[in-house]
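Hi,

Have a look at it first, then read on.

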Amino acid sequence: MDEQRTDMNNNSNPIIIRTDHVRKTFPMGPTTLVALDDISLDFKRGGFAGLVGPSGSGKTTLLNIIGSLDVPTSGNAMVLGRRVESLSHKQSAALRNRHIGFIFQTFNLLPVYTVFENVEFPLLLQNLAGSRRRKLVMDALEWVGLADRADSRPGQLSGGQSQRVAIARAVVKKPELVLADEPTANLDAKNSHHIMRTMVHLNENLGITFIFATHDEKVMGYLKREITLNDGRVAQDRAIAGRTT
Amino acid sequence: MIIPRLAFRNVWGAGLRTWLNVISLSFAFVAIIFLQGLYNGMSRQVEKATMDAQYAGGHYWQEDYDPYDPLTLDDAHAVVPPALADQVAAGDAVPILVRPATIYPNGRFQNALLKGIPPDQSVLTIPTHVLSGDETGIPALIGHRMARTTGLVKGDYVTVRWRDAGGTFDADEIRIAEVMQTDVSGIDFGQLWIPLEKLRAMTTMPGQATFMVLRRGSPFKESVPGWKHRDLDFLLKDLRALFMSKSLGGSVFYIVLLLLAMLAIFNTQVLSVFRRRKEMGTLMALGMTRQKVIALFTLEGAMYAVLAGLAAAVYGLPLLLYMATHGFGLPEATDNFGFAMGNRIFPTYTAGLILGTTLLVLVVTTVVSYLPTRKIAKLNPTDALKGKRP
């Protein structure tokens, strides 16, 4: 096996993500930018891992490939039993809709929807019955402590509240995996800690796997596994003592 | 059902931008229905008035008669054929004799047509009863346009000169018995209606007619020797063609309105595709396929047509209903428009017109909405999330 690959499969949690010699390049005029180079990593169910590193190190690109929003130029990525590079648009959309939640740096809430409707959105795509949707949405809002703001519009929320709505939207369908791209970048320290504690809580109570892309020290303080990327390569992959699940 | 629901939420949530589009489109909606209804109403009124006063159930023309060629009038007369005599006797056919003449109103001469018609006829709505009861003089009925151009009023006498069957000139004075208000210029301009028997006597053409008018519903005879059968389709052909050309000219107005509304929607859609890329990326990240995103944005555009239809119903229905019942007043100048128009036009709206307009607006709006959204098909979710252009 590859030297980069960490032996994290030492307990009962199965591996749900495996990248194998993943390389991703982008054309940049006459040259080619190598965003990821020979990335081979495994992620186990229930993990709370972070891709850390400076801007341009390939964190978001790897997160996008894991989230089936993008495909590797070479190598392969297996996510929840599906080979990302061979999925059709429809299949990757279904994978995202049913099994993967996304949290973005800029929250990406739909501005004309209420908090309730934003959180409800992934469930609408799953054609769940109205009563079931309502219960799941209110549960998710309870988890993030925003049940009383269900009728508010995103424009009426603070940054921290908006991100908590985004978390509720990501976890409302009880996905196996949540991918969070710089979730605290637009938040102050207090809100950042609040957000991270919420996600730790969801990780521990719902068993959802979280993978972060971050260079925020506050986020790193909560990670159970830290993968450092540098120039598109894995520079370090370490489990944080005392935080492993 | 998710797409329509989301589209409605987005459109509803877009606020002022939505309402500006909806209002401008609803104007086009109402204008199209109103203008088409106006032309429909006008068309019906024109045909009805023309049939009532001029064509009734159709004509028989003496074989030499051509109303568009005045030179045929000298020879266009013949004895009422026996085949039509029973209909004439029953009052279901009206013989009309047409003779060219010259009148001298206020010292000027003017060409005119003397039209002889039985005063007691009831096939045409011309008030010929006013021609009854004057056994010695020559009473004449003229239309208000003729009265205006000649300066004649009721009770005036005017000199008229004509030629009899042998070609001999004769002249006399006729009395204007009545000036009729009529919407049908075809029985008005340059015409003097006088009792048929008087005209027959004046022109020494006993028992003769130039054309026969049949009562509506009265059957046509298969073949009448020396006479040509002219049904309503033939008689109304020119009028309908004229009307069609006017209608097409009028449609330019609503096409411009519709184009302006479409431009607004197209612009909104282009802006949406440009400004809402991040939202598209989010929708894709949340599990929406590109096709569904395209459908969503297209439907949002098409929904403007639906909302415009509803808005048009709110203020347009009462307005259109009011116009249909109270009519649309026309200026005096429209007397010379080329066909029979009353002082008021009453628009008529058919289910076909409303459904057709709705369908037209919906289809055009959907196409216009779809065009800019095709770019979404090329959109990469990761680029969209960064706000990059498709």
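A:Asp70 counts as buried, at 10% relative accessibility, in what is a predicted model. Its side chain meets that of A:Lys24 in a salt bridge, with 3.1 Å from N to O. A:Asp70 sits in the loop between helix 1 (59-66) and strand 4 (74-79) of chain A, while A:Lys24 belongs to strand 1 (residues 15-28) of chain A, so the pair ties together parts that are 46 residues apart in sequence. And is A:Lys24 buried or exposed? A:Lys24 counts as buried too, because its relative accessibility is 9% and the cut-off for buried is under 20%.

B:Arg9 counts as buried at 13% relative accessibility, and A:Glu120 counts as buried at 4%. The two are part of a network of salt bridges that links A:Glu117, A:Glu120, A:Arg133, B:Arg5 and B:Arg9. Over all chains, the count of salt bridges comes to 27.

Now the sheet in chain A. It is an open sheet of six strands in the order 6-7-8-3-9-10, and the pairing is mixed. Strand 6 (100-103) and strand 10 (233-239) of chain A are the edge strands, each pairing on one side only. On average, neighbouring strands of this sheet are turned by 15 degrees against each other, ignoring direction. Within the sheet, strand 7 (residues 177-181) and strand 8 (residues 209-214) of chain A run parallel and are joined by five bridges. If you want a place to start looking, A:Ala180 has A:Phe212 in strand 8 of chain A as its bridge partner. Helix 6 (residues 189-206) of chain A lies across strand 3 (48-52), strand 6 and strand 8 of chain A, and runs at about 150 degrees to strand 8 of chain A.

Chain B has a parallel pair to look at as well. Strand 4 (residues 110-117) and strand 8 of chain B run parallel, with five bridges between them. One position to check is B:Leu113, which stands opposite B:Gln191 in strand 8 of chain B. How much of strand 8 (residues 191-195) of chain B is covered? Most of it: five of its five residues are buried.

Last, the surface of chain B. B:Phe8, B:Trp12, B:Trp19, B:Ile23, B:Phe27, B:Val314 and B:Tyr315 make up a nonpolar patch there, and together they have about 700 Å² of accessible area. Helix 1 (2-13), helix 2 (16-55) and helix 9 (290-326) of chain B each give at least two residues to the patch. Helix 2 of chain B supplies the largest share, with three residues. B:Ile23 is found in helix 2 of chain B, and B:Ile23 is partly exposed, with a relative accessible area of 42%.

Cheers

Key. Residues numbered from 1 in each chain as written. Chains lettered and ligands numbered in written order. Predicted model: local features only at pLDDT ≥ 70, side-chain atom pairs only at ≥ 80, totals over all residues. Heavy atoms only, no water. Buried < 20%, exposed > 50% of the residue type's maximum accessible area, 1.4 Å probe, protein only. Helix = DSSP H or I, 4+ residues; strand = E, 2+ residues; numbered from the N terminus. Pairing = 2+ DSSP bridges. Patch = residues over 30% accessible without salt bridge, like charges linked within 9 Å, V, L, I, M, F, W, Y side chains within 5 Å. Areas by Shrake-Rupley, 256 points an atom, 1.4 Å probe, with all protein chains shown as cover. Salt bridge = Lys/Arg side-chain N within 4 Å of Asp/Glu carboxyl O. Axes fitted to C-alpha atoms, helices over the stretch in contact; angles between N-to-C directions. Contact = heavy atoms within 4.5 Å.
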